[in-house]
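Hi,

Here is the structure I promised to pass on. Have a look at it first, and then read my notes below.

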Amino acid sequence: RRHSCVGRWKRIGLVHADNVMQPMPETWAAADGTVITIRPISAADLALEQEFVDGLSASTGYQRLMSARRPSPEELRRFTDIDQERELALIATTPVQGKERQIGVARYVKESSPGDAEFAIVLSDDWQGRGLGIKLLGSLLAAAKNDGVRRLVGTTMSENGGMLALGRKLGFKLAKDPSSATITNLTMDLAAWSPASAAAPHRQT
């Protein structure tokens, strides 16, 4: 009986790990031919995540946390050793000089309201504007929908033009935060979203 379940999970792009269904790793080719692996993060990726965060520019790091501070070691451990029952983080990696390098991460965390989850995405500076954002966030949307999430919400700085453009391309609703014009809220109704809307492999975001 379990074998049939595993087969069904594989057909819809999921693998079984510690009683939690997770997306299967996938590969994607950027417009320049660079092959990217997109896979769930794990506690073993702490060094990858540390190197990724350390490599972000001050501007990108600020947009990630809406603060000039850098994540603490405890926060980095929390980013990688996640609660798989209520959250998912997908990382994008590519080999550089024979070593795996993380170039992006997208994650969601389920909220207390049933069916709602908060999302975030950040890309390394040299991979912004190369199509990775729409692919990585599209993979996260598909995983969230498979996980029963009905609505994804997120926030970004209103001056973050790249994130606003990415949200529009994927169909997010954008609205200025009522409490601060410097913050824009992004909302996605996953019931009305399909993976086909994210299937534009070389759109530049």
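**What I found**

Strand 3 (residues 26-29) and strand 4 (residues 35-40) pair in the antiparallel sense, with four bridges between them. For the terms: helices (H or I, at least four residues) and strands (E, at least two) are DSSP runs numbered from the N terminus, and two strands pair if DSSP finds at least two bridges between them. Before you go further, note that this is a predicted model: local features need pLDDT of at least 70, side-chain atom pairs count only at pLDDT 80 or more, and totals for chains, interfaces and linings use all residues. Residues are numbered from 1 along each chain as its sequence is written, and side-chain values use heavy atoms, with hydrogens and water left out.

Back to the strands. Glu26 has Ile38 in strand 4 as its bridge partner. Strands 3 and 4 form a hairpin with five residues between them, and Gly33 in the turn has a positive phi of about 95°. Strand 4 also pairs with strand 5 (residues 87-96), again in the antiparallel sense and over four bridges. There, Pro40 stands opposite Leu90 in strand 5.

Now the helices. In helix 2 (residues 46-54), Leu48, Glu49, Phe52 and Val53 are buried (under 20% relative accessible area; exposed is over 50% and partly exposed is in between, with a 1.4 Å probe and protein chains only). These residues are on the same side of helix 2 because they cover an arc of only 125° around the axis, taken from the directions from the helix axis to the C-beta atoms. The face turned away from that buried side carries the exposed residues Ala47 and Asp54.

Which residues of helix 6 (residues 161-170) are buried? They are Met163, Leu164, Leu166, Gly167 and Leu170. Their arc around the axis is only 160°, so they sit on the same side of helix 6. What covers them includes helix 5 (132-146), strand 7 (116-123), strand 8 (151-157), strand 9 (173-177) and strand 10 (180-189). Just after helix 6, Gly171 takes a positive phi of about 100°.

On to the cores. The largest nonpolar core has 33 residues, and those with the most contacts inside it are Tyr108, Phe119, Leu137, Leu152 and Phe172. A nonpolar core here is a set of buried Ala, Val, Leu, Ile, Met, Phe, Trp, Tyr and Cys residues joined through side-chain atoms within 4.5 Å. Helix 5 gives the most to this core, with eight residues. Leaving aside neighbours within four places in sequence, Tyr108 is in contact (heavy atoms within 4.5 Å) with residues including Leu88, Phe119, Leu140 and Leu152. A second, separate core of twelve residues includes Ile41, Val53, Phe79 and Ala89.

A few single residues to look up:

- Ser124 lies in the loop between strand 7 and helix 5. It counts as buried because its relative accessibility is 4%. Leaving aside neighbours within four places in sequence, Ser124 is in contact with Phe52, Leu56, Arg101 and Ile103.
- Tyr62 lies in helix 3 (residues 58-65) and, at 34% relative accessibility, counts as partly exposed. The C-alpha atoms of Tyr62 and Met157 are separated by 9.4 Å, although these residues are 95 apart along the chain.
- Arg130 has its charged end over the ring of Trp127, 3.6 Å from the ring centre. The rule there is NZ of Lys or CZ of Arg within 6 Å of the ring centre and within 35 degrees of the ring normal.

Cheers
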